[in-house]
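Dear colleague,

I am handing over the structure you will be working with, and below it I have written down what was found, so that you can follow each point with the model open beside you. Please read it slowly and look up each residue as it comes.

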Amino acid sequence: MKTLELAVIPGDGIGKEVVPEALRVLDAIADIHGGLKFNYTHYPWSSEYYIEHGTMMPENGLELIKGSDAIFLGAVGDPNLVPDHISLGELLLRIRREFEQVINVRPAKQLRGMVSPLSNPKNFDILIVRENSEGEYSSSGGRVHNGIDEIVVQNAVFTKRGVSRVMEYGFEIAGKRNGHLTSATKSNGIAHSMPFWDEVFKEMAASYPAIKTRSEHIDALSAFFVTRPETLDVVVASNLFGDILSDLGAAIMGSIGIAPAANINLNGKYPSMFEPVHGSAPDIYGKGIANPIGQIWTAKMMLDHLGEPEMGEILLEAIERTLESGVKTGDIGGSSTTQEVTDAIIAAMKEQTG
Ligand SMILES: NC(=O)c1ccc[n+]([C@@H]2O[C@H](COP(=O)([O-])OP(=O)(O)OC[C@H]3O[C@@H](n4cnc5c(N)ncnc54)[C@H](O)[C@@H]3O)[C@@H](O)[C@H]2O)c1
Ligand SMILES: O=C(O)C[C@@H](O)C(=O)O
Ligand SMILES: [K+]
Ligand SMILES: [Mn+2]
């Protein structure tokens, strides 16, 4: 029996609704597999936890989850309880940084049964590779003086190591896909970091002659996501550009409620973390209508990462069959509940595997 230890952090809002549903799916996967078992350890770290304890996680929090095979997280953020930069900064971003989850992989592709808001989506299949440890998300900076004299500095930090690492990942994965890599830049307006970003990209492209490369300014690239997404394969982007592009990628798929993500630790020192692109969606929380597919597709990415790609394939196929059958939540035009969608996915998996 292969036993996988998962640290489960549902977090806030709909994270608490979609994570338990995805765990039901994982249990069904374990049944189908026969030789696989998931052990879940639940951690209630969230904005409510902060109100009670004054921190987002206990002092030894990272120590507690460090030994797990993966971290499975829902969403973090409840701005009515805790300012977002504190709740995300002390939990989500802290895990990403301290566990050196330096790459964030976010697919945006057309699934069977999904209706894209694009009139002619042409079967796009994009993989966003987002730098996940530095860039515009930096704690370097500060505020001085008050009133009209107040000065705020927020530094963007780009290291040769960090930029090379994310680009290398992009080139390598493009080689396993359609061989195209697009770099998101803004070197016409940002005078230091982005020309540097372009230099590293060009330098590295020389050692990957088989990969077709393009460099596009982020503003134009955003438009291409809408006007010609089928021309994109892998897109490598800085932390902030990748964040924005991933909501755009989700939007052209048909809803942010289905978009998955993987925060990858490359050096094997710490676990990777799997959490969907979406947040805690306070506007729909508590109604049982959140789309669980983002969390469930994220579970598929986790299965791939943990060496169970066949199980991952069964799961994605079941998601597509469920969408085709019309069992959908409200964000994608249906009227099913979170649990009904999950039930349909589990039933489809069982049907596929006899
Ligand atoms: N990785 C994360 O944990 C993460 C990501 C984004 C935002 N956040 C946090 O979440 C909170 C809300 O942020 P936001 O409103 O900007 O983004 P959001 O992703 O939570 O919601 C944006 C919109 O998408 C809808 N939506 C999101 N997920 C859905 C789902 N599964 N099913 C159906 N509809 C869904 C919401 O109802 C909302 O209308 C904030 O505190 C924010 O900081 C956290
Ligand atoms: O990285 C962030 O900014 C948090 C959230 O928006 C995300 O995309 O994970
Ligand atoms: K999330
Ligand atoms: Mn985001």
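Helix α9 passes helix α10 in a left-handed crossing, and the residues that make this contact are Ile-293, Ile-296, Trp-297, Ala-299, Lys-300, Leu-303 and Asp-304 on the α9 side, with Pro-309, Met-311, Gly-312, Leu-315, Leu-316 and Ile-319 on the α10 side. Sorted by class, the contact of α9 with α10 has 10 nonpolar residues, 1 polar residue and 2 charged ones. Please keep in mind throughout that this is a predicted model.

Two packed helices are described by the angle between their axes and the distance between the axes. For α9, which covers residues 293-305, and α10, the axes come within 7 Å and cross at roughly 160°. Angles over 145 degrees count as roughly antiparallel, and that makes α9 roughly antiparallel to α10.

Helix α10, residues 309-325, also meets helix α11, residues 338-352, where the two axes come within 8 Å and cross at roughly 120°. The helices α10 and α11 are therefore oblique to each other, and α10 passes α11 in a right-handed crossing. From α10 the contact takes Ile-314, Leu-315, Glu-317, Ala-318, Ile-319, Arg-321, Thr-322 and Ser-325, while α11 supplies Val-341, Ala-344, Ile-345, Ala-348, Met-349 and Gln-352. In this contact of α10 with α11 there are 9 nonpolar, 3 polar and 2 charged residues.

The axes of α1, residues 15-33, and α9 come within 9 Å and cross at roughly 45°, so α1 and α9 are oblique to each other, and the crossing in which α1 passes α9 is right-handed.

Turning to the ligand, 22 residues surround ligand 1, and the closest are Gly-77, Gly-257, His-278, Gly-279 and Asn-291. The shell around ligand 1 divides into 11 nonpolar, 7 polar and 4 charged residues, and helix α4, residues 84-98, gives the most to it, with 3 residues.

Finally, an unreviewed UniProt entry carries the annotation "domain: Isopropylmalate dehydrogenase-like" for residues 5-345. In the model, that span is 41% helix and 19% strand, and its end C-alpha atoms lie 23 Å apart.

With best wishes

Technical notes:
Residues are numbered from 1 along each chain as its sequence is written. Chains are lettered from A and ligands numbered from 1 in the order in which they are written. This is a predicted model: local features need pLDDT of at least 70, side-chain atom pairs count only at pLDDT 80 or more; totals for chains, interfaces and linings use all residues. A residue is near a molecule or strand if its C-beta atom, placed from the backbone, lies within 6 Å of it. Helices (H or I, at least four residues) and strands (E, at least two) are DSSP runs, numbered from the N terminus. Ala, Val, Leu, Ile, Met, Phe, Trp, Tyr, Cys and Pro count as nonpolar, Asp, Glu, Lys and Arg as charged, and the others, Gly among them, as polar. Axes are lines fitted to C-alpha atoms, for helices over the stretch in contact, and angles run from 0 to 180 degrees between N-to-C directions. Angles under 35 degrees count as roughly parallel, over 145 as roughly antiparallel, 65 to 115 as roughly perpendicular and the rest as oblique. A crossing is left-handed if the near helix is turned anticlockwise from the far one by less than a right angle, and right-handed if clockwise. Two residues are in contact if their C-beta atoms, placed from the backbone, lie within 7 Å. UniProt positions are given in the numbering used here, feature names are shortened, and annotations may be inferred rather than shown by experiment.
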